[in-house]
Amino acid sequence: MKIGVMDSGAGGLTILNAIHQKHPSLDLVYLADDAFAPYGSKNIDQLQDRLVKVGRFFEDENVCAIVVACNTATVAAIDTLRASTSLPVIGVEPAVKPAFRLSKKRRVAVLATPVTAKSPRLNQLIDLWKADSHVDIMSSSSLAFDIDAWPETEEKVKATIHALSEDMLAENIDTLVLACTHYPLVKGLFEKALGSQCEIIEPSEGVTAQVVRRLLESYPMEAQRALVTSSSNKGRIELCCTKETKSFKRLTQWIEDADAITLKRVVKL
């Protein structure tokens, strides 16, 4: 079975890595829509139009399901994508529910892109689960884009994380929700800046579990066979980007099993 995974850049690779680690027999097609990045600077109409084009690309690739491995695209356009395709579509939502359950001091920060930070969906999730917790919604207009440009932007990324972490420490935050799939790529920098007293939550395991549920619902017999892990049945990873070939080096550096990559190509949407 082949699964399509998309993001504006490298962030969705945190989801791809989790799926591949848990179910290495699945084939994965990753689309980095770097020609349209950053998604966080686009308006809702632009994102909805773009995701419909992404959906058509994955249909042409004969995938069994589409993973929108981008918080911004999920909150802005996933309903439009679902209405335009018959394929199962799995999105990424900020993992606020487990964060509120874990927080001992009831002090939670949610770090997102500006589009996600302002989205009604994020605020609905927070209102649903926060109970008596104090919540800081924080955003960065540049961090995801700078992570995509790593390693040239390493010092800038570190400076941004340091500044954000200083604000969190001043607010006595003990649980951080990384509400952008790019951010877990540099989770170690957040851990270093915030210390062991702060729990950091990201959504890759939850999304992987939802992918499996949707596959079993939509293709019960085929999915049961495909999800059986076998050393002789290793899935392939195909990398696609919408801008230029130099992006492949940046993407590959974040893939945990680079030996599984069998194809790299530029596509036009």
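**Close-up views of loops, helix pairs and the sheet**

**View 1. Pro38 sits in the loop between S2 and helix H2 (44-60).** Its peptide bond with Ala37 is cis, with omega about -5 degrees. Helices (H or I, at least four residues) and strands (E, at least two) are DSSP runs, numbered from the N terminus. The model is predicted: local features need pLDDT of at least 70, side-chain atom pairs count only at pLDDT 80 or more, and totals for chains, interfaces and linings use all residues. Residues are numbered from 1 along each chain as its sequence is written, and side-chain values use heavy atoms, with hydrogens and water left out.

**View 2. The loop between H2 and S3 contains Asn62.** Asn62 is not a glycine, yet its phi is positive, at about 60 degrees.

**View 3. Trp150 and Pro151 are joined by a cis peptide bond.** Here omega is about 10 degrees. Pro151 belongs to the loop between helix H7 (143-148) and H8.

**View 4. H2 and helix H3 (residues 71-84) cross at roughly 55 degrees, their axes coming within 8 Å.** Axes are lines fitted to C-alpha atoms, for helices over the stretch in contact, and angles run from 0 to 180 degrees between N-to-C directions. H2 is therefore oblique to H3; angles under 35 degrees count as roughly parallel, over 145 as roughly antiparallel, 65 to 115 as roughly perpendicular and the rest as oblique. The crossing of H2 and H3 is right-handed, a term for the near helix being turned clockwise from the far one by less than a right angle, with anticlockwise giving left-handed. H2 contributes Ile44, Leu47, Gln48, Leu51, Val52, Gly55 and Glu59 to the contact, and H3 contributes Thr72, Ala73, Ala76, Ala77, Ile78, Thr80, Leu81 and Ser84. Contact means heavy atoms within 4.5 Å. By class, the residues of this contact of H2 with H3 are nine nonpolar, five polar and one charged. Ala, Val, Leu, Ile, Met, Phe, Trp, Tyr, Cys and Pro count as nonpolar, Asp, Glu, Lys and Arg as charged, and the others, Gly among them, as polar.

**View 5. Helix H8 (residues 154-170) meets helix H9 (residues 187-194) with axes within 9 Å and a crossing of roughly 45 degrees.** H8 and H9 are therefore oblique to each other, and their crossing is right-handed. Val157, Lys158, Ile161, Ser165, Met168 and Leu169 of H8 touch Leu189, Phe190, Ala193 and Leu194 of H9. Eight nonpolar residues, one polar and one charged make up the contact of H8 with H9.

**View 6. Six strands form an open sheet in the order S4-S3-S1-S2-S9-S10, with parallel pairing.** Two strands pair if DSSP finds at least two bridges between them. Strand S4 (89-90) and S10 are the edge strands, each pairing on one side only. Helix H1 (residues 13-22) packs on the sheet and touches strand S1 (2-7), strand S2 (27-32), strand S3 (65-68) and S9. The direction of H1 makes about 175 degrees with that of S2.

**View 7. Strand S9 (residues 237-241) and strand S10 (residues 261-266) run parallel and are joined by five bridges.** Ile237 stands opposite Ile261 in S10, while Leu239 has Lys264 of S10 as its bridge partner. With helix H12 (residues 247-252), S9 and S10 make a right-handed β-α-β unit. A crossover is right-handed if, with the strands pointing away from the viewer, the path from the first strand over the helix to the second runs clockwise.
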